[in-house]
Amino acid sequence: MGKKAAIVKYSLLAALVLGTAGAAGHFAALHYQATLAVVQQHQAEKQAARQAAQEKRAQREKKSKPVQQPDATASAGKDATAEGLTSDMRVKDIGNGRTLYSYDPPTQDGVYIVPYLVKKGDQAILYISVRHLGQRAIGFVGVDVQTGSSQVFQIRAEEPVATEAREGGGIVERFDQPVNVRTLTALRTIGESYGGAHIAVPIAGGSNDDRMMTAMECLRCKNMVELFDTWRRR
């Protein structure tokens, strides 16, 4: 019998008993009170037993699960972060145990900053590719990126610039090099500008290839830097 049912039953009994005149009714009421106390005690004991059984079961389940070490938890978190960041990247095996992470290359005339990452084992190297796409060579040596009213990052080639034909006509002038402290800071700042970065060829009077970086370009810089940070902290 459930607790509520028992109380209802004995409540009805109490009403009947208390409605009876005389000493017999008085003693019957006392008997009811004693009986109700016993019922309530039994219900409390059952509830305590159920709670103890649940706690024991929870303890057994906890002991049966393997303990996950903090290092394993941190590694799993970094893997999840990396998976999210690389979901829209090109992932390519380039041999010798190396994997290239990059985005679709630009195709329209203009100047661009294209970051990409090469990973081998636990080592990750972030590169910056600076490119001029046009119809003719302009003696390209780098770009100036302005991300604020007075903040300008000067990015220059550390090695000779390569020139190659572009599919569909025109040429590509480009240089690729690992990031240093200065260029890494530039990529971080560009990533936070959300389309507010102006990239220009450093020549007097400017160039028709100067342009505003799109919000998507800035987001890709941000994602690539975050991926680099995630892997180099391992």
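Visitor: Which parts do the buried residues of helix 4 pack against?
Guide: They pack against strand 3 (110-120), strand 4 (123-134), strand 5 (142-146), strand 6 (152-156) and helix 5 (215-232). Contact here means heavy atoms within 4.5 Å. Helices (H or I, at least four residues) and strands (E, at least two) are DSSP runs, numbered from the N terminus.

Visitor: Where does this model come from, and how are residues numbered?
Guide: This is a predicted model, where local features need pLDDT of at least 70, side-chain atom pairs count only at pLDDT 80 or more, and totals for chains, interfaces and linings use all residues. Residues are numbered from 1 along each chain as its sequence is written, and side-chain values use heavy atoms, with hydrogens and water left out.

Visitor: OK, back to helix 4. Which of its residues are buried?
Guide: Helix 4 covers residues 181-191, and the buried ones are Thr 183, Leu 184, Ala 186, Leu 187, Thr 189, Ile 190 and Gly 191. Buried means under 20% relative accessible area, exposed is over 50%, and partly exposed is in between (1.4 Å probe, protein chains only).

Visitor: What goes on at the start of helix 4?
Guide: A side-chain oxygen of Asn 180 reaches to within 3.1 Å of the backbone nitrogen of Arg 182.

Visitor: Zooming out, how many helices and strands does the chain have?
Guide: The protein chain has five helices and 10 strands. It has 234 residues, and buried ones make up 34% of them. If you take contacts between residues at least 6 apart in sequence, 56% of them join residues at least 24 apart.

Visitor: Which residues have the most contacts inside the largest nonpolar core?
Guide: Those are Ile 113, Leu 117, Leu 126, Val 143, Val 145, Ile 155 and Leu 227, in a core of 34 residues. A nonpolar core is a set of buried Ala, Val, Leu, Ile, Met, Phe, Trp, Tyr and Cys residues joined through side-chain atoms within 4.5 Å.

Visitor: And which element gives the most to this core?
Guide: Helix 5 does, with seven residues. Helix 3 (70-85), strand 3, strand 4, strand 5, strand 6, helix 4 and helix 5 each supply at least two.

Visitor: What does Leu 117 touch?
Guide: Leaving out residues up to four places away in sequence, its partners include Thr 99, Leu 100, Tyr 101, Leu 126, Met 224, Leu 227 and Trp 231.

Visitor: New topic. How many aromatic pairs are there?
Guide: Three. Rings of Phe, Tyr and Trp (its six-membered ring) pair if their centres lie within 6.5 Å; planes under 30 degrees apart count as stacked, over 60 as edge-to-face and the rest as tilted. Tyr 116 and Tyr 127 form a stacked pair, because their ring centres are 5.2 Å apart and their planes are at 10 degrees. Tyr 116 lies in strand 3 and Tyr 127 in strand 4, so the pair ties together parts that are 11 residues apart in sequence.

Visitor: Are those two tyrosines buried or exposed?
Guide: Tyr 116 counts as buried at 15% relative accessibility, while Tyr 127 counts as partly exposed at 21%.

Visitor: How many disulfides does the search find?
Guide: Zero, across the whole structure. A disulfide is a pair of cysteine sulfur atoms within 2.5 Å.

Visitor: Why don't Cys 218 and Cys 221 bond?
Guide: Because the sulfur of Cys 218 is 6.4 Å from the closest cysteine sulfur, in Cys 221, which is too far for a bond. Cys 218 is buried at 0% relative accessible area, and Cys 221 is buried at 1%.

Visitor: Where is Gln 177?
Guide: In strand 8 (residues 171-178). Gln 177 is buried, with a relative accessible area of 7%. A polar atom of its side chain lies 3.1 Å from the backbone oxygen of Arg 156.

Visitor: Last one: what about Asn 96, buried or exposed?
Guide: Asn 96 counts as exposed, at 58% relative accessibility. Its place is in the loop between strand 1 (90-95) and strand 2 (98-102). Most residues other than glycine have a negative phi.

Key: A polar contact is a pair of N or O atoms within 3.5 Å; within protein, one must be able to donate a hydrogen and the other to accept it, and residues adjacent in sequence count only if both atoms are side-chain atoms.
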